[in-house]
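Subject: Structure handover

Hello,

The structure we talked about is below, with the sequence. My notes on what was found in it follow.

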Amino acid sequence: MKISRRQLLVGTAASAVLAQTGLPAFAANSVSRGGTIVLAELLAIDSLDPHLANARTRIMSLMFDSLFSYRLKPGTTDEFELGYELATGFEETSETTARMTLRQGVKFHDGSDLTAEVVKWNLERARDHEKSAVQTSVSELVNVTVVDDHTLDLEFKSPQPLFRLTMTAANATNVYIVSKQAVESMGDEAFAHKPVGSGPYAVENWLVDDRVELVAFSGHWESGLDGKPLPYADRFTIRQMPDQSVSALELRAGNVHIMDPLEQDLDSLEAAGIQIYAQPGRDTGQPSFYISSKEDASTPFAHDVRLRQALQHAVDREAMAAALTFGRGKPHYYWGWYPGVPGYDESLPRYEYNPEKARQLLADAGYADGVSLTVKVINRPKDLQPLEIMQAMLGEVGITLNIETMDRTPWVESGRTGNFEALSHGNTALVDPLFRRETMTGSDANWAGYSNPKVDALWAEASRTGDTAARAEIYKNIQRILYEDAYHFIAFRAPKMLAMAPGIGGIDSDYNLRYAWLAS
Amino acid sequence: MLGYLMRRLASAAVVVVLVSVIAFIIVSVLPGDTAAALLGEEGARNAERYEALRQELGLDQPILVRYGNWVAQVVTGDLGRSLRTGEAIGPAILARAVPTVQLAIMALLISVTIAIPIGVVSAVYYRRLPDHLGTLFALTAIATPGFWFGIMLIILFSVTLRWLPPSGYLPFFQDPLGSLQLMLMPSLALATGFTGVLIRQVRSSVLEVLNEDYITTARSKGLSPTTVLFRHALRNALLPVVTLVGLQLGALFGGAATVETVFSIPGLGRLAVDSIFFRDFTMIQALMLVLALTVLTASLLTDLIYSRIDPRIRRG
């Protein structure tokens, strides 16, 4: 077939016209059907098996269903609510047991049926497979009993107030439900390249490091706002694009519809008529780091709280937020807690900017002549720039901040082995603080070796507390202690952005891309 | 001739072995290993999983054992499987080589087409305005980073003028026209540095030849300047250019790494970059081997072609 340049560019020109009409964000109130939605994905995908893939990508929710859903509450713009996806009921039968009922009539892309047996097999595969990347979510699950075709009994080692939240796409280690029949007939390796789920899109083709091509699955169980089965689009293509500036240009040219924009591109994208969407409840804090709390740590910061307090007081968070977020961020004081996260409360004690006090604390600790701290960070402008500004601010009071930059892999290695004085580590709002394990003694995530029995007791209490409001009170107490210990540092927050073509609608969060439509 | 060829092949074999040893050592001393890279922040937190994965990938073996195993496997023609994606490496490299080879060929053609006329004009108008302009052009091209030039091209031709699709890849045999359109900007970006070098090379070798006695003889015979230039000078002047094209192949692969990243082309360069970030040892090893073989083959071919067109080499 011969294609002229003109034909090839028709799509591009059409979106250019749309861009120039300057449609307001989310003007597409009525649902549209058809078309191909293209997502630019930064992350290199190593496998499409949602249980075994190490790259925890949001595209899994296009192909696979979860047991529960986590979506924007209708009529609100920032409140999310827990709902049902493949499960239709969940009843706690005791502190550590629950009965779960499943949706009837759900088919996988290979025609097999969703049954209690299949879900049991999925949960056990996630827990027992030696390469499972989602083990943490089901590690407390002791027994799964099939009651009938669509009913299961679950038994846990300890109370699991967050089990339903854990089993949603909002959680990075969610256990998506895959076709047991497909895994057993294809084997792990073939399944990883062309997996079978029950989600709105089925995998057609995966060209490693280039693109994943998905097509609408006509037998999907869920209906859209227009009453017809999902998905809205005919096809969904994920292009792996390692350069975000180029993705932004592709978005403006109309070849990509959804991408993660760089902060410096936001204004020009907006001016070009692109929708800029701040995902509710997905703030990211920076510069986020923690100081080693190990007993044998060589830095004096590990052992003297006055030094840590001096560091906290020496940073002008408002100035940093203004300088680095292009007006989209705010100063931030609570490491790990963000607006919308249970327990977030701006009346809690916090470290205000006070260089005089910082100098005094340093002098009290015996370091009136200065002291140095080395922080390890991945060599990315987004992570590095805040630290460089902070370096100047700390220098004012007499703290020399040495910044050691490295590749991601050696950085993981340093973190994993606890080989650092301070480690810069991304900090993003999680649906519930219980998913964050950096401050729990003995947790694999606690690279700094932070350990406070009072905090541990509070975490344990929170994990037994089903009521969110009661849990929030416990979280406030945890934050008070973290404030006193002062090992964890944060200076400003900015929302996680999505840049979307003018015709895209239906997206509340990037883990719910399956509900996207494209106006023609 | 046969003796010459044998000597060349023997030295090539030594180079290949050295490359494989050096690659193996470099990859082994890099901080962080495949297991840490694969598991990432979340997974690397679990010490048990990390150890299990190391064992499964064979990373717990001593380096000599790993090298021995690898060599034993490679000599049977099996390059193994990628630690990152589980793909068989041979077919994966072949698939990625297609876009890179297309990119390299197009970049070479563009370079030669631009550089030879400009270089010749520069030499003929030695130290006059056309020469200065040619030199300015060449130096600008050499000093321009390919990835930056690539993004500028995208802004001009895709965003402002909307003449070309910004990035991506289509196989040539599936859609030749679309493929050429997609590859045009990446090839230009890849060609910049080489074009500059080539202009300088053409200019200086034409200049050199124009000062030779036989050119003076040709002129004194009363031949027209055009005939002297095209029949007598250019043929000899372009000999060093052949060498340069052959030798630049390695540099082109290097440039392909950044250009393929900017233009989202699933080629060898990007495969190398991704593999290094993920510490995909098996893939890096295989890539180094394949690239070394390619560059060696290219330089051998260049020498052979050279000796065909320049009899002095054959005699020497």
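**Annotated spans in chain B**

Over residues 237-263 of chain B, the chain is 89% helix and 0% strand, with the end C-alpha atoms 36 Å apart. Please keep in mind that this is a predicted model. Residues 237-263 are one of the spans of chain B that UniProt, in an unreviewed entry, annotates as "transmembrane region"; the others are 12-30, 103-126, 133-159, 179-199 and 283-306. Residues 179-199 of chain B are 100% helix and 0% strand, and their end C-alpha atoms lie 28 Å apart.

**Helix pair H7 and H8 in chain B**

Two packed helices are described by the angle between their axes and the distance between the axes. For helix H7 (residues 146-160) and helix H8 (residues 176-210) of chain B, the axes come within 9 Å and cross at roughly 145 degrees. The crossing of H7(B) and H8(B) is right-handed. On the H7(B) side, the residues in contact are Gly146(B), Phe149(B), Gly150(B), Leu153(B), Ile154(B) and Phe157(B). They meet Met185(B), Pro186(B), Leu188(B), Ala189(B), Leu190(B), Thr192(B) and Gly193(B) in H8(B). Sorted by class, this contact has nine nonpolar and four polar residues, and no charged ones.

**Contact between the chains**

In the contact between the two chains, 44 residues of chain B touch 40 residues of chain A. On the chain B side, the elements giving two or more residues are helix H2 (34-43), helix H3 (47-57), H7, H8, helix H12 (249-262) and helix H13 (268-277). H2(B) gives the most, with eight residues. By class, the side of chain B that touches chain A has 21 nonpolar, 13 polar and 10 charged residues.

**Sheet in chain A**

Chain A has an open sheet of four strands in the order E4-E5-E7-E6, with antiparallel pairing. Strand E4 (87-92) and strand E6 (141-148) of chain A each have a single partner strand, so one side of each is left without a neighbour in the sheet. From one strand to the next, the twist averages 20 degrees.

E4(A) pairs with strand E5 (residues 97-102) of chain A over five bridges, in the antiparallel sense. Glu91(A) has Arg99(A), in E5(A), as its bridge partner. Helix H3 (residues 116-128) of chain A lies across E5, E6 and strand E7 (151-156) of chain A, and runs at about 170 degrees to E6(A).

Regards

Notes. Residues are numbered from 1 along each chain as its sequence is written. Chains are lettered from A and ligands numbered from 1 in the order in which they are written. This is a predicted model: local features need pLDDT of at least 70, side-chain atom pairs count only at pLDDT 80 or more; totals for chains, interfaces and linings use all residues. Axes are lines fitted to C-alpha atoms, for helices over the stretch in contact, and angles run from 0 to 180 degrees between N-to-C directions. A crossing is left-handed if the near helix is turned anticlockwise from the far one by less than a right angle, and right-handed if clockwise. Two residues are in contact if their C-beta atoms, placed from the backbone, lie within 7 Å. Ala, Val, Leu, Ile, Met, Phe, Trp, Tyr, Cys and Pro count as nonpolar, Asp, Glu, Lys and Arg as charged, and the others, Gly among them, as polar. UniProt positions are given in the numbering used here, feature names are shortened, and annotations may be inferred rather than shown by experiment. Two strands pair if DSSP finds at least two bridges between them.
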